[in-house]
Amino acid sequence: MWISHVKTGDYTSMNPYKSFKELKQLARESLLGNYGTLIGATLILSVFSGIFSVVVNFVVNPLTQLGLIIFILIQIIFSLILGVVSIGFNKMYLSIARNQPISISQLFFGFQNHPDRAILIQGIFILFLALCIVPYGIFTFLFYVRPSIELGYFSAAFLSLSL
């Protein structure tokens, strides 16, 4: 089959990739009729996040040690929940790419199909992020405890964030 293309010189049918223009056109066609559902899902997610943030900030005082610990734990739990909801959000976009119908109920797809796996993966991401922030926290703590610490140590904290 490939040899026949070489003999005839017809290379256009051999290229399995689409041009950028063709991909944009396919994306526009897929999104037609789905904008309202996607905007609604985004608004639901945004309002939920906003209400949660306001309630947590009014209920928990992160200026005390206990308040800070509670605040961090609540944020971790909320991140785990949002991780599961994001699976449903991604499922909506995957359905659009496959030309399947979408609905707002797909936001909760992650809760219906293996939520334990989604929470585990999100927990691993949170743990990895926390481990990456530890050097910065140590250097910041040292800087506030001993303000006479050299600027080089504080610079090392910012450098550790970029590694």
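The following questions and answers concern a predicted model of one chain.

Biologist: On what terms are residues and atoms counted here?
Modeller: Residues are numbered from 1 along each chain as its sequence is written, and side-chain values use heavy atoms, with hydrogens and water left out. As the model is predicted, local features need pLDDT of at least 70 and side-chain atom pairs count only at pLDDT 80 or more, while totals for chains, interfaces and linings use all residues.

Biologist: How many helices and strands are in the chain?
Modeller: Helices (H or I, at least four residues) and strands (E, at least two) are DSSP runs, numbered from the N terminus. From that end the elements run α-α-α-α-α-α-α. The count is seven helices and zero strands.

Biologist: What percentage of the residues of the chain count as buried?
Modeller: Buried means under 20% relative accessible area, exposed over 50%, and partly exposed in between (1.4 Å probe, protein chains only). The accessible surface, from the Shrake-Rupley method with a 1.4 Å probe and with only the protein chains shown as cover for residues, comes to about 12,400 Å², of which 71% belongs to carbon and sulfur atoms. Of the 163 residues, the buried part is 20%.

Biologist: What percentage of the contacts with a separation of 6 or more comes from residues 24 or more positions apart?
Modeller: Contact means heavy atoms within 4.5 Å. With the set limited to separations of 6 or more, residues 24 or more positions apart account for 50%.

Biologist: How far apart are the end C-alpha atoms of helix 2?
Modeller: Helix 2 covers residues 20-31, twelve residues. The expected span is 1.5 Å times one less than the number of residues, so it should be 16 Å. The model agrees with this, as the end C-alpha atoms are apart by 17 Å.

Biologist: Which residue with a positive phi follows helix 2?
Modeller: The phi in question is near 85°. The residue is Gly 33.

Biologist: Is Ser 95 buried or exposed?
Modeller: Ser 95 is found in helix 4. Leaving out residues up to four places away in sequence, Ser 95 touches Gln 100, Pro 101, Ile 102 and Gln 106; Ile 102, by the same exclusion, touches Asn 34, Thr 37, Leu 38, Met 92, Ser 95 and Ile 96. Because its relative accessibility is 1%, Ser 95 counts as buried.

Biologist: How many aromatic pairs does the count come to?
Modeller: Rings of Phe, Tyr and Trp (its six-membered ring) pair if their centres lie within 6.5 Å; planes under 30 degrees apart count as stacked, over 60 as edge-to-face and the rest as tilted. By this rule the count is three.

Biologist: Is the pair of Phe 48 and Phe 78 stacked, edge-to-face or tilted?
Modeller: The centres are 5.6 Å apart, with 40° between the planes. The pair links helix 3 (residues 35-59), which holds Phe 48, to helix 4, which holds Phe 78, 30 residues apart. Phe 48 is partly exposed at 40% relative accessibility, whereas Phe 78 is buried at 8%. The pair of Phe 48 and Phe 78 is tilted.

Biologist: Why does the pair of Phe 52 and Phe 78 count as stacked?
Modeller: Phe 52 in helix 3 and Phe 78 in helix 4 are 26 residues apart, and Phe 48, Phe 52 and Phe 78 form one aromatic cluster. The ring centres of Phe 52 and Phe 78 are 3.9 Å apart, and the pair is stacked because its planes are at 10°.

Biologist: Over the face of which residue does Lys 91 lie?
Modeller: A charge sits over a ring if NZ of Lys or CZ of Arg is within 6 Å of the ring centre and within 35 degrees of the ring normal. Lys 91 is at 5.3 Å from the ring centre of Phe 109.

Biologist: Is Asn 99 buried or exposed?
Modeller: Asn 99 is in the loop between helix 4 (65-97) and helix 5 (109-112), and has a positive phi near 60° without being a glycine. Because its relative accessibility is 65%, Asn 99 counts as exposed.
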